[in-house]
Amino acid sequence: MIIRDQPTPLALFFTMQGSVVPRILPQIIAVTMLSAAIILVDRLIVDLPGISLSAIGVFGVALSLFLGFRNNAAYSRWWEARKLWGALIGDVRTLARHTVIFLPDGPDRAQFLKTAVAFAHLHRSFLRGDDVANDIAGFDALTRARNPADAALRDMGRQLARMTEADGFGRLAIARVLGDLGMSQAGCERIATTPLPFVYSLLVRRTTYLYCLFLPFALLDAGGLLTPLIAAIVAYVFFGLQAVTNELEHPFSDGSNGLPLSAMCRVIEISVAEALNEAPPEPLQAQDAVLM
Amino acid sequence: MIIRDQPTPLALFFTMQGSVVPRILPQIIAVTMLSAAIILVDRLIVDLPGISLSAIGVFGVALSLFLGFRNNAAYSRWWEARKLWGALIGDVRTLARHTVIFLPDGPDRAQFLKTAVAFAHLHRSFLRGDDVANDIAGFDALTRARNPADAALRDMGRQLARMTEADGFGRLAIARVLGDLGMSQAGCERIATTPLPFVYSLLVRRTTYLYCLFLPFALLDAGGLLTPLIAAIVAYVFFGLQAVTNELEHPFSDGSNGLPLSAMCRVIEISVAEALNEAPPEPLQAQDAVLM
Amino acid sequence: MIIRDQPTPLALFFTMQGSVVPRILPQIIAVTMLSAAIILVDRLIVDLPGISLSAIGVFGVALSLFLGFRNNAAYSRWWEARKLWGALIGDVRTLARHTVIFLPDGPDRAQFLKTAVAFAHLHRSFLRGDDVANDIAGFDALTRARNPADAALRDMGRQLARMTEADGFGRLAIARVLGDLGMSQAGCERIATTPLPFVYSLLVRRTTYLYCLFLPFALLDAGGLLTPLIAAIVAYVFFGLQAVTNELEHPFSDGSNGLPLSAMCRVIEISVAEALNEAPPEPLQAQDAVLM
Amino acid sequence: MIIRDQPTPLALFFTMQGSVVPRILPQIIAVTMLSAAIILVDRLIVDLPGISLSAIGVFGVALSLFLGFRNNAAYSRWWEARKLWGALIGDVRTLARHTVIFLPDGPDRAQFLKTAVAFAHLHRSFLRGDDVANDIAGFDALTRARNPADAALRDMGRQLARMTEADGFGRLAIARVLGDLGMSQAGCERIATTPLPFVYSLLVRRTTYLYCLFLPFALLDAGGLLTPLIAAIVAYVFFGLQAVTNELEHPFSDGSNGLPLSAMCRVIEISVAEALNEAPPEPLQAQDAVLM
Amino acid sequence: MIIRDQPTPLALFFTMQGSVVPRILPQIIAVTMLSAAIILVDRLIVDLPGISLSAIGVFGVALSLFLGFRNNAAYSRWWEARKLWGALIGDVRTLARHTVIFLPDGPDRAQFLKTAVAFAHLHRSFLRGDDVANDIAGFDALTRARNPADAALRDMGRQLARMTEADGFGRLAIARVLGDLGMSQAGCERIATTPLPFVYSLLVRRTTYLYCLFLPFALLDAGGLLTPLIAAIVAYVFFGLQAVTNELEHPFSDGSNGLPLSAMCRVIEISVAEALNEAPPEPLQAQDAVLM
C-alpha cells in the first residue's frame, strides 16, 4: 500500500508511482493512433460516416454507470478486507487480555498467544503467498495441514482444552474469540477466492473497448483537431478506472494497492509481545513509500 | 463459477464462455434488422418521422438508472449468498474447535461433526437441487424430513443433549454455533425462494424493449449509415446487463455464474477431516475453468 | 408475492398480472391526450412557445435521481422486511433446537413451541390485518392484549420461568432467542408503522407531474408526430416507477408484491411440527402465481 | 411525523401540510423575478450574453449528484434514528420478559421496569427538549444528573445489584440488555449532536444558488417566454430537495417530519403496563395527521 | 467540528469559516486566468480549435461519478469514525454500569473506571497527536508502551483478574465490554492508518485538472464572454468537492471538519464521574463555533 502525501499539482502529472498509466499505455496509444488515423482518412481521403455525439452520449452514461458499479464493488471488497484484518488485530488483543483475566500467568499462556501470532502469519501466507517460514519458527508442523491457519486455531483450541486451570467462564470467553478469529479468516478467504463475476467483467470490458472504438467517429466534427487528444484522455479515464478497479478487486495482492499484511502482522506481534512483557519488535516502515 | 484470467484484448471479443451474447443474440439481431429496415424505408421509400436524440436521451438516463439499480440489487444477493456460505464454513470450523474445547475425544464427536458435513450437503441439495445421496452416506434418514438440512441441525441438537459429559458452558457455546448455522441456512433459503419483485422486473424489461424500438428513429439523422451497428451495440449493452442481472439474481443456479457450492462443501469436508485427524479429500478443481 | 417465470418477449407487453399499468392508466392517458392537444393547437391554431429539450433534460436527470433514491429506499424496506421474517423462521427453529438441548421432552416443550407458532400468526395479523382465529386455536387469550404478538413472547417467558428443570444455561440461551424474536418483531412493526417521509413523497410526485406537463412543449419540435407516443412512454416509465415504489414501500400489503406472510408462517408450522415429531402440514402453494 | 394518505392528483398541488413550499417561497420568488427581469432586459434594452444550456447542463448533473448524496445521507440518519428507537422498544420488552424469566414477581420488578419507562422519557427529553416532568413522576431525582437518561440506566444497574435473589445468569442476561439500551441511547445522541459536516453543506448551498443565478442566462434562447416558469420549477426542485434534506437531517425535531418520539414512548408504556398486569394507557393518536 | 447555524442566503457567499475556498483559491484563479487568456487569444490573435460541449459533457458525467464515489467513501469513513466513538462512549457507560452490578463499591472500582478514562485520552492522543499528559495524571506508565491505549485496556484486564470478589459472570460480562472497546479502538486505528487508495486519488485528481484545462476550449463558442466566470464556478464545484473529500477522509484531523475528540472524551469523563458519585466536569464548549 502506498503511503505518501498528495503530490503537488505540478508533480501530479509526472508521478508514475502508484499510477495506472504504465499498465494502460498500450490502450491509450492504440486509441490515440486510431483516432488520428480516422481524422486523416476523413480529411484527406474519403468522408467517413460520422455519428452524432448525443448518440454516443447515452452510451457514455451507461458506461459510467457500469464502471461506477464495478468500482464500488471492488472498493467494498478492499475495504471489507481491511476491516477483517482490523478485526483480526482487535481479536488477538482481546485474546491477550482474556488470557490475563481468565488464565494464570505462565508458559501455557505464552505458547497460546504465540500460536495466535503464527495464525496471523499463516493466514497472510495463504492470502498473499508469502514465505513465512522465518516468522513461524516452532510452528512448522502446522504447515502440513491443508489449511494451516485453521490448523493454528484448532491447535489453540487443543491447548485451551488441556488447560485444566481454566474454568467454564474462561473457556467460554476465549472459545468465542477463537470463533471470531475464524470468521474473520473465512471472510478473507472468501474475498481471496471469489473474484467479481466473470460475466460482468466481460460486459464492462467489451463496452469500454467498443466505446473507445466509436468515439473518434463521433468526434470527427465536434472535436476538431483536438480529437486524438480528447480520445486519449477519455481512454485514460475509462481504461484507468478499469485498471484501478482490477487492482482494488484483489486486496491481498502484493502490488502497490494491496493491503499491508506484513505491517499488520507486525502490529499483532507487538501487541502480543507487550502482553507477555517481552521486548516488542519495531513497526514495519514503508520502503519507497510502499508499506508491505 | 468461472475461474479464469482476464482474456487479452484480442481474445476479449471472441470469448464465448461466460458471455451473455449467446442468450441475447435474438434480441441483438432483431434490433439490428429493425434498425436496418427503418433506415432503408426512410432512405428509399418514405420519410419516417424522426425523434430528437435528446428526447430519447432522458429516456436512456432513466433506463441506465433502472438497470443500475437492478444490477446492484442482484449483485448484493449474489454476494450476500457468498457471505452466508463463507459464514457456514467458518461456523463448521468453529464447531470443530468447540468440540475439542468442550467435549472429550471419541466417536460421539466424530458423529457430531459428520452430521455437520451432511447438513452442508443437504443444504446444497435444497438450494441447487443436487443429488447428494453419495455425500451423505449414513444420514439418509434425514432426507425424509420436509427440510432435511434443518433436520440435520436438529439431530445435532439431539446428539448434544445426549452427551452427558458436556457441561453447561459447552452446551451453551455449541448450541449458539448451531443457531448461527441455522441463521445462515435461513438466509440462503430466503435468497433462493424470494426473487426480485416481479413488478419491477416487468417495468425494466418493457422499458428496455421500448427504448430499443425507438432508438432507430432517433438515429435516423444522427447515426447515419452506422445506425444498425450502433443499435446493435446499444442492444448488447442494455440486454446484456439485463441478462447478467438475471444470472446474478439467482446465486445458487448451476450456471457459469452460480456459486461453487460443491467446492465449498468440499472445503467443509477437508476442515472436518483434519479436525478428526482423518485423511482430508482433495479440493475440487475447476473443470474447463468452471468451479462447481 | 408473484412467483412466475419471466414472460417471453411477445407476452411481455400483454401481461397484466403484477403490472402497474392498470393503476397508472389514467395518468398515461391524460399525458397522451394533453400532448396530442398541444400538438394540434401548435400546428393548426397558434404557435405555442417551445422549450429546448436540454432545458428539460436537466430536470429529467434530477427526476431520475429522485425516483432512483425513492426506489432504493422502498426496495430496502421490502428486503429488510423479508430479512426480518427470514430471521424469525431461523429463530423459531433455533428455539426448537434449544428446547431439545436444554429442556426435557414433554408437554411443556410442545406447549412452548406452539406458543411460538401462535406468535408468528399474531405478528402476521398485526402486520397485514389477517384473521388468524383458526391458526391460533387455544391461544385466544393472547388477543386480549394491546400487542398480542408481544403477549405471546411474554407468555413464553412465563412458561420458561415455570420450567424448574431448566438450568441457568438453558434459561440464558432460550431467553436470548426470545429476545431475538422480539427484535425481529419490533423491526417489522417499525417498517409497518413508519412510511417514507411524507414531505419527500410530495416533492417527488409534484416533480413528476410538472415534468410530464412540460414535456409536450419540449417535444413540439424534437418529437415530431411521435410526440404523444413518446410522452405516453415517458409517463409510463416515471409514473410506473412511482407506482412500483409505492407498492414496495409497504412490504406487508396483501397486494401482488406483498411478502408471503402466510406461506412463511406455514414454514414455521412445518419446522415446529417436525421438531415435535408430529405430521407436518403441506407447504402453501401459489394460487394463480400469487403466494400469500 | 405526518401520517396521511397520498393526496389525489388534483389535491396534490394545493396541499400545504408537510410541504416545503412555504419555507422556500422566498427563493422561488426571487429566482422567478430575476429570471423575468433578465428576459425583459434582454428583449427590450440590451442583448445579454447567453450561455449554452449544455454548459450549464454539466453543472446541473454535478448539482444533482451533490443533492442526491446529501439526501441519501440525511435519510440514512433519519432511518437509523428510527431503527434505534425501534431497538429501544424491543429492548424494553426484552427487559420485561427477562425479569419474568430471571426475577421473582414483586415490587422490585415493577420499580425496575418503571425506571425503564422513565429512561425512555428522559432520553426523549434530551433529544427533543420535551418537558417530561409529568411522565417521570417519582423519578425526578434522575434529572439532577448531567445525562438523566444515563442516570436512569445506572439506577437500574444499582437496583439489579441489590436484588439478591437474582442469580448470575439473570444478572448477566439483564445487564446485557441494559448495555444494548445504552448503545441505542448513545447512537441517538450521536445523531442529535453531530450534524452533517458544515463544509459540505456550504458547498452544496452555494452551488445551488449559483446554478439558479446562471440558469436564466442559459434559458434566454432555449426557454423562450416560459423561462420564468421553468426557472421557478427548477428552483422548486433544487431548493425543495435541499429543504427536505435539512428536515430529515434532524430526525428528532418536532417538525412535521420529526420522529414520533412521544408515540413511541407510549408504546413502551403500554408494553411495560401489560407486562406488569396493569391497565395499559391508550396509544397516542395523530392530531391533524401529525403524530408526535 | 464546526457547530453553527446555516448562514442566511446573503451571508452564505461571504462566510469563510469552514469554507474550502481559501484552500482552492489558487486553482480557481488559475482556471479563470487560463480561460480568459484563451478567450483573448481566440478573439484577438488566432482562431483556436474548439471542442463541442457534448464531447466534454460525457467527460463531466464521468468526473461527477468519480468525485461522487470518492465523496461517498470519505463521508462513510467520517461517519464510521463517529459511530466508533459513539460506541466507545456507550461502552464506557456500560462498563460503569457493569461494575455496579457485578463488583462491590470501593477504590478498585474507581481505579478501574479511571483507567477507562485514561484509555479514551490515550486513544485520542494516538489518533490526533494531542498532548494528553494532563488528562492522564497517574497513568503515565501506560505511555511507555508502543500502543498506550491498548496498554490501558490490558491494565484493566489485569485489575479485573486481581479482583477476587468478582465471580465468573462478572468477569465474563466485563471482559466482553473490554473486548468491544478494543474493537472500536482497532476500528479507529484502521481509519487513521489506511487512507483511500492512492491510485484512485491520482486518477481523480488528474481527471479534474484535465477537465478544467479543456473546459475553456469547449466554452469558446457556447459560453461567450461569461466563459471565465463559468470556468471559475466549475473549478469551484469540482476542486471544492475534492477538497471537502480530502478533509472528511481524515476524520481525526484537528481541522474544522475533524471529529470533536476532546469533547467526546469529556462526555466520557462526565459519565464516569457521575457513576462514581464525584462532581462531573463541565462539558466542552465550542470556541468560535469550533468544537474540538
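**View 1. Chains A, C and E in the predicted model, seen where they do not touch.** In this predicted model, chain A and chain C do not touch, and their nearest C-alpha atoms lie 11 Å apart. Chain C and chain E likewise do not touch, with 11 Å between their nearest C-alpha atoms.

**View 2. The interface of chain D and chain E.** Here 59 residues of chain D are in contact with 70 residues of chain E, and the two chains bury about 5,800 Å² between them, of which 69% is on carbon and sulfur atoms. Of the area that chain D buries against chain E, 14% is supplied by D:R146, D:F198 and D:R206, more than by any other three residues.

**View 3. A salt bridge between E:R93 and D:D150.** Across the interface of chain D and chain E the rule finds 5 salt bridges. The side chains of E:R93 and D:D150 meet in a salt bridge, with a distance of 3.6 Å from N to O.

**View 4. Helices α2 and α8 of chain E where they pack against each other.** The axes of helix α2 (residues 21-45) and helix α8 (residues 227-249), both of chain E, come within 8 Å and cross at roughly 155 degrees, which means that α2(E) runs roughly antiparallel to α8(E). The crossing in which α2(E) passes α8(E) is right-handed.

**View 5. Residues in the contact of α2(E) with α8(E).** On α2(E) the contact is made by residues including E:I24, E:I28, E:V31 and E:I39, while among those of α8(E) are E:A235, E:Y236, E:F239 and E:A243. Sorted by class, this contact has 13 nonpolar, 5 polar and 2 charged residues.

Definitions and conventions: Residues are numbered from 1 along each chain as its sequence is written. Chains are lettered from A and ligands numbered from 1 in the order in which they are written. This is a predicted model: local features need pLDDT of at least 70, side-chain atom pairs count only at pLDDT 80 or more; totals for chains, interfaces and linings use all residues. Side-chain values use heavy atoms; hydrogens and water are left out. Contact means heavy atoms within 4.5 Å. Axes are lines fitted to C-alpha atoms, for helices over the stretch in contact, and angles run from 0 to 180 degrees between N-to-C directions. Helices (H or I, at least four residues) and strands (E, at least two) are DSSP runs, numbered from the N terminus. Angles under 35 degrees count as roughly parallel, over 145 as roughly antiparallel, 65 to 115 as roughly perpendicular and the rest as oblique. A crossing is left-handed if the near helix is turned anticlockwise from the far one by less than a right angle, and right-handed if clockwise. Ala, Val, Leu, Ile, Met, Phe, Trp, Tyr, Cys and Pro count as nonpolar, Asp, Glu, Lys and Arg as charged, and the others, Gly among them, as polar. Buried area is the accessible area (1.4 Å probe) that two parts lose on being put together, summed over both. A salt bridge is a side-chain nitrogen of Lys or Arg within 4 Å of a carboxyl oxygen of Asp or Glu.
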